[in-house]
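Q: Please go through the side-chain packing of this protein with me, with the rings and the nonpolar cores as topics.

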Amino acid sequence: MTVTHSVLLTGASGSGKSTIIRGALEHYGSGAVLLCPGKDEIDSYGKLQNNPNFLFGDFDDIFFQPALGDKDWSVATGHQDMVKWLRDVFLAIKSDKDSNRPLRYRVLAVDTLSAVGRMAYNQTLARFKLSEPPPAIGSSGAPFYSYIRGVLESGVRLMRAIRGLGVHWIVASHPTSAEVTAIQQMENAKISEKIMPDLPGGFKNVLPSFFNTVLDVNIDTNGKHYVRWGGDPKRVTKSRFGPLGPNPKIELPATALAAWQTIQTAVEKAAENVS
């Protein structure tokens, strides 16, 4: 079975998310890398920055400062700029596919989606000309949070479309602790809070459904990096192909390339067992 990977990596800063992404880029040899906020994560990618097989795009809202009294709503364009960049990437890869050429980018990497969520949040504040969000519950909150979800979905929809062309989609997200709603509650683990991707509004609850593999990235007490694909009801994890190994944690080698290849091998082996 040929697997086009879609992997969501959720973990605290320094846990190794960018290292895993760099390993995937090194393994496949080409990729489009979406960086946000700005170039904060660029140093994680080392010499790949100067390799013509890799396209880097960085996005932010550096001039959007409503908390400081700046009411120039027109400068919250980071998310719109990102969507234009994603559209160009999609069209370039689609052209390759339609012409039966090798895909110029084999990986779409997003580092981090949490910061993309912040740009969607900024665009929504600008749309409603607000310096802070309205209460979530109430007549003013409903249109605000509906709009922010639509903005977020517009970017993620393009990412999913790029993955649909046969491109591996690997996304990093910071974690947040959020209340578990009745919809999310499972009878075998009734908990009040869950660690999930840090995104505004209810979109954080939907995001994992778009991925085949959702991994919690962490470091154990001995300093060993690992990813968790299951076994902890407090963390959002997932493997669409079933168990990725004999236990819910996969220890990772020290190098970026070997770390990705360990994950890749586990996922593809599990996929082979799907009848």
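A: Buried means under 20% relative accessible area, exposed over 50% and partly exposed in between, with a 1.4 Å probe and protein chains only. The model is predicted, so local features need pLDDT of at least 70 and side-chain atom pairs 80 or more, while totals for chains, interfaces and linings use all residues. Residues are numbered from 1 along each chain as its sequence is written, and side-chain values use heavy atoms, without hydrogens and water.

Q: Is phenylalanine 64 buried or exposed?
A: The cut-off for the buried class is under 20% relative accessible area. Phenylalanine 64 has 8% relative accessibility and therefore counts as buried.

Q: What kind of aromatic pair do phenylalanine 64 and tryptophan 73 form?
A: Rings of Phe, Tyr and Trp (its six-membered ring) pair if their centres lie within 6.5 Å, and planes under 30 degrees apart count as stacked, over 60 as edge-to-face and the rest as tilted. By this rule there are ten aromatic pairs. For phenylalanine 64 and tryptophan 73, with 6.3 Å centre to centre and 55° between the planes, the pair is tilted.

Q: Which residue lies over the face of tyrosine 226?
A: A charge sits over a ring if NZ of Lys or CZ of Arg is within 6 Å of the ring centre and within 35 degrees of the ring normal. At 4.2 Å from the ring centre of tyrosine 226, the residue over its face is lysine 249.

Q: How many residues are in the largest nonpolar core?
A: Such a core is a set of buried Ala, Val, Leu, Ile, Met, Phe, Trp, Tyr and Cys residues joined through side-chain atoms within 4.5 Å. Leu34 and Leu86 are among the members that touch the most others, and the residues in this largest core number 47.
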